Amino acid sequence: MLLLGALLPLALASCSSSGAAPAPAAGSTSPQGPVAAVCDHVPPGPSTAPAGAVRVDPAVVDDLSAKTKNSPAGTTFWLAPGTHRLSDDEYAQVQPKDGDVYLGAPGAVFDGRKKNRYAFAGPAKNVRLASFTVQGFTAPRDEGVVNHDSAPGWVIQHLTVQDNDGAGLMAGPKQQILDSCLRRNGQYGMNAYSGTAPVTGLVLRGSEITGNNTGNWEAKVQGCGCTGGMKFWAVDGADVVGNWVHDNRGTGLWADTNNNDFLIEGNLIENNDSAAIIYETSYNAIIRDNTFRRNNLVDGRAHADRGDPFPSATIYLSESGGEPRVKARTSNLEISGNMLQDNWNGIILWENADRFCNSPANTSSGSCTKLVPNVSTCSAPAISKKPLYSDCRWKTQRVVVQHNQFTLNSKALGCEEACGRTGMLSNFGSYPDWSPYQGAVIQQAITFQQDNSWHDNAYAGPWTFVAREMSNIIGIGEWQSAPYHQDANSSYQPNGGG
């Protein structure tokens, strides 16, 4: 695996809002080691067939599928150099058996030729794919080319999955994606979703996720929330470590609806059109020691150009936070030790007062919180009383933002009046008419009552803060003072961003 050079955090010679000159935020440890640059540099597989392996001939159409069908479970297949293909039937695909292994020789390519929908499908467990390229398949929206049926225990290593429609990969329980290249796929690099068994124990490490959503699905289906580098749905336990997530059309990493127990650590996430990370209606995560550069410049500018005042975020927490009653490695949502450099905005904590279980405003229709399994339970009049009053909402609570470095050169970005915001806020509750969360109830809760804390951060550049509601944009002095009392022991240099 070829590695990028060291990514050194920008040192901040900053002064505090009171005029003192402390050191940068203690404990700030954004990635200083190498980050995966995998695409076009995937290590080659074995040049000869391993002992006992079945040789797959690229000159024989459908050889890979046929030999898989005619071999026992646990067979190792070696894809000889060249382009392997299926028959012209759009539903022709490889159906692995439990424990099958597929190894590619140098130059081995599995090409759907824009005729076949799926490359590898079916329920087989513990399949391994390594050291070849999968390209040219035409999975429909929300479906994937590799592990189409989200089977458990698959290991994807040194694989290039590129130029497919839909998602390059689906994910099943205990799947590992290691040192692989997921690029230029039509919708996502990976779609972690299973309609049957929950996806648990997912690992994504040392991989490059770039240029995905070539189909520009948000333009085709406005508001679909169905695009970007990767999407995670109801994943319980995921390690996303040491990856390079860049230049995707849309969001880099998007966890949406009842995800829990994520570790997002040591990644370089840059140049994505939308947010670097969205963590939405989900629980308990650690986001630490990552570098975020130049994210959300496309969508942030589009928001500004149409006069939309909502602060498009680099790290966007939407109805998400820590919940001790949901088992995870932390009971908080921790954002620490990250470097955020020249993104459109910073970290935004948001809670939609009108979005809760059984509300027509809940875009995750049919879903309820992990604390209330039955959506219909959240209805009037029971929802106005304990415990449903609390448990029918996904809450942005127990969020800790600490030891991060925020730098911004707003002049270079050309966004002096529209960018450089960070904070926490909600809307004025108004819908539906039976909602118990109308008025300023949730604005007060997210700001003062839900244990959200910012401290020991370092700001360089003209940062401002959004508190309680969208139009309340304040300076560091007000942010640190009553009634907010945020960012204790943090430093601020308004002209230090470059």
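The S-S bond between Cys357 and Cys368 has a torsion of about 110°, so this disulfide is right-handed. Cys357 and Cys368 both lie in the loop between strand 29 and helix 4 (388-391), so the pair ties together parts that are 11 residues apart in sequence. The sulfur atoms of Cys357 and Cys368 are 2.2 Å apart, and a disulfide is here a pair of cysteine sulfur atoms within 2.5 Å. Both Cys357 and Cys368 are buried; buried means under 20% relative accessible area, exposed over 50% and partly exposed in between, with a 1.4 Å probe and protein chains only.

This is a predicted model, in which local features need pLDDT of at least 70 and side-chain atom pairs count only at pLDDT 80 or more, while totals for chains, interfaces and linings use all residues. Residues are numbered from 1 along each chain as its sequence is written, and side-chain values use heavy atoms, with hydrogens and water left out.

**Disulfides**

How many disulfides does a search of the whole structure find? The search finds four, and the table gives three of them.

| Disulfide | S to S | S-S torsion |
|---|---|---|
| Cys39 to Cys181 | 2.0 Å | about 100° |
| Cys357 to Cys368 | 2.2 Å | about 110° |
| Cys415 to Cys419 | 2.0 Å | about 65° |

The disulfide of Cys39 and Cys181 is right-handed, because the torsion about its S-S bond is about 100°. Cys39 lies in the segment before strand 1 (54-56) and Cys181 in strand 13 (residues 181-183), so this pair ties together parts that are 142 residues apart in sequence. Cys39 counts as buried because its relative accessibility is 8%, and Cys181 counts as buried at 0%.

The disulfide of Cys415 and Cys419 is right-handed as well, with a torsion of about 65°. Cys415 is buried at 3% relative accessibility, and Cys419 is buried with a relative accessible area of 4%.

**The sheet**

Helices (H or I, at least four residues) and strands (E, at least two) are DSSP runs numbered from the N terminus. Two strands pair if DSSP finds at least two bridges between them. An open sheet is formed by 11 strands in the order 8-11-14-17-20-23-26-29-32-35-36, with mixed pairing. Its edge strands are strand 8 (144-146) and strand 36 (473-474), each of which pairs on one side only.

Within this sheet, strand 11 (residues 167-170) pairs with strand 14 (residues 188-192) in the parallel sense over three bridges. Which residue of strand 14 is the bridge partner of Met170? The partner is Asn191.

**Helix 6**

Helix 6 (residues 441-449) lies across strand 29 (347-351), strand 32 (421-426) and strand 35 (464-468), and runs at about 130° to strand 32. Axes are lines fitted to C-alpha atoms, for helices over the stretch in contact, and angles run from 0 to 180 degrees between N-to-C directions. Contact means heavy atoms within 4.5 Å.

The buried residues of helix 6 are Ile442, Gln443, Ala445, Ile446 and Thr447. Their cover includes strand 29, strand 32 and strand 35. After helix 6 comes Asp451, which has a positive phi near 60°.

**An annotated span**

An unreviewed UniProt entry lists residues 150-304 as "domain: Carbohydrate-binding/sugar hydrolysis". UniProt positions are given in the numbering used here, feature names are shortened, and annotations may be inferred rather than shown by experiment. In the model, residues 150-304 are 8% helix and 45% strand, and the end C-alpha atoms of the span lie 39 Å apart.
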